[in-house]
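Please read the structure alongside the points below.

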Amino acid sequence: MNLRFLKSKKILVVLALAIVSSILWNTLRLFDGFRAQEELKMEILADAYFQFNKATPDDDISLLVKIIENNKTIPMIVTDEKGKILLDQNIEYKKSAKKKVLAKKLKEMKSLHAPIEINVSDNNNQYIYYSNSEILDKLRYYPLALILIFLIFLWVLFAVFNASNNADKNKLWNGMAKETAHQIGTPLSSLLGWIEILKSENINPTYVDEIQKDVDRLGVIANRFSKIGSEPTKVASNVSLLIQETIDYFQSRSSKNIVFSYQASASLGSFHINPELFSWVLENLIKNAIDAMQGRGKIHIELRDNPLEMQILITDTGKGIPKNLHKTIFAPGYTTKERGWGLGLSLSKRIIEQYHKGKIFVKQSQKDIGTTFQINFPKKQIL
């Protein structure tokens, strides 16, 4: 991720946080303003009830009636000193459930606001209980909804930037891989020419053959790198034969203290894979196994035929991998080697899971006993 990209990300997050904070602040102020208005409205309404009860037949009570009737939003219950309900406003209920609904609503109102006392006469007081209006209740939950929206926004923002970051990384690795293939190609052509010259000289043919094998290997490696970043071509391949060829290659170039063994199911047919990339995965796993054993131990490869998938198990007798690193080792750039780039297992995971729709994982590992990697190919790829 470049600095400009990172800076843009921070600016967007800070800007979003500032906007949401401003909206939350204004919403809380609006909520407090509505609540203060409703409290004032109830005080005016209580005073209107008081004046209404004190009025004589000759007094003009039209304004008082208008004030009382004009309350269309705030739920309200008026009781006497003994708690008997005398009047209710703005509370919905069925006639058959009136008593039960009002009793429940009254209990709720008592928990929300202190009652407003109305002195009707010397020995007669009434009490007005009320709750928040519907709009005030909605405003109370609005900040929570806004915070939830903000969290969702941050999650989407993170996902977008993360995807963009991964895309940039993929472009970088793809570019490096293709450039590596290009750079290998030039000296490779020259080596092929030198091999032809050596063949014309009186050089031991065994030496020339071995050099030819390594040059061919370089050609395969260059071809592999050139395929990174593009959809590989899959062909019908004998997996068992590819495994055996890979073992033979390493067996002739590894310490005699490393013992290779291979066991395969005879019922397996050809699989629809890219043989070059698949061999690359095997090589990465075998190289890691050799490094883990420090040049001495056993590597056993087993090809299993299960009803739903083909399984390949690569087991070594190396130093093992801690359980907390079983997933981390597949991350790009992670390595325990002094000169490693940390790309082998990352590329292997990409080849198996993205290109071949399979799975690769650490099946088991024990300290100083060894590690088993497992590759699964879905059976639908069998031909």
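Buried means under 20% relative accessible area, exposed means over 50%, and partly exposed lies in between (1.4 Å probe, protein chains only). This is a predicted model, in which local features need pLDDT of at least 70, side-chain atom pairs count only at pLDDT 80 or more, and totals for chains, interfaces and linings use all residues. Residues are numbered from 1 along each chain as its sequence is written, and side-chain values use heavy atoms, with hydrogens and water left out.

**Salt bridges**
- The whole structure has 3 salt bridges, each being a side-chain nitrogen of Lys or Arg within 4 Å of a carboxyl oxygen of Asp or Glu.
- Glu108 and Lys105 form one of them, at 3.6 Å from N to O.
- Lys105 is partly exposed, with a relative accessible area of 22%, and Glu108 is partly exposed at 35%.
- Lys349 and Glu353 form a salt bridge at 3.0 Å, N to O.
- Arg304 and Glu302 form a salt bridge, with the closest N and O atoms 3.1 Å apart.
- Arg304 is partly exposed at 30% relative accessibility, whereas Glu302 is buried at 17%.

**A buried Asp without a salt bridge**
- Asp80 is buried but has no salt bridge.
- The nearest side chain of opposite charge (Lys and Arg count as positive, Asp and Glu as negative; His and the chain ends are not counted) is that of Lys84, 5.8 Å away.
- The side chain of Asp80 reaches the backbone nitrogen of Lys82 at 3.0 Å.
- A polar atom of the Asp80 side chain also lies 2.8 Å from the backbone nitrogen of Lys84.

Conventions
A polar contact is a pair of N or O atoms within 3.5 Å; within protein, one must be able to donate a hydrogen and the other to accept it, and residues adjacent in sequence count only if both atoms are side-chain atoms.
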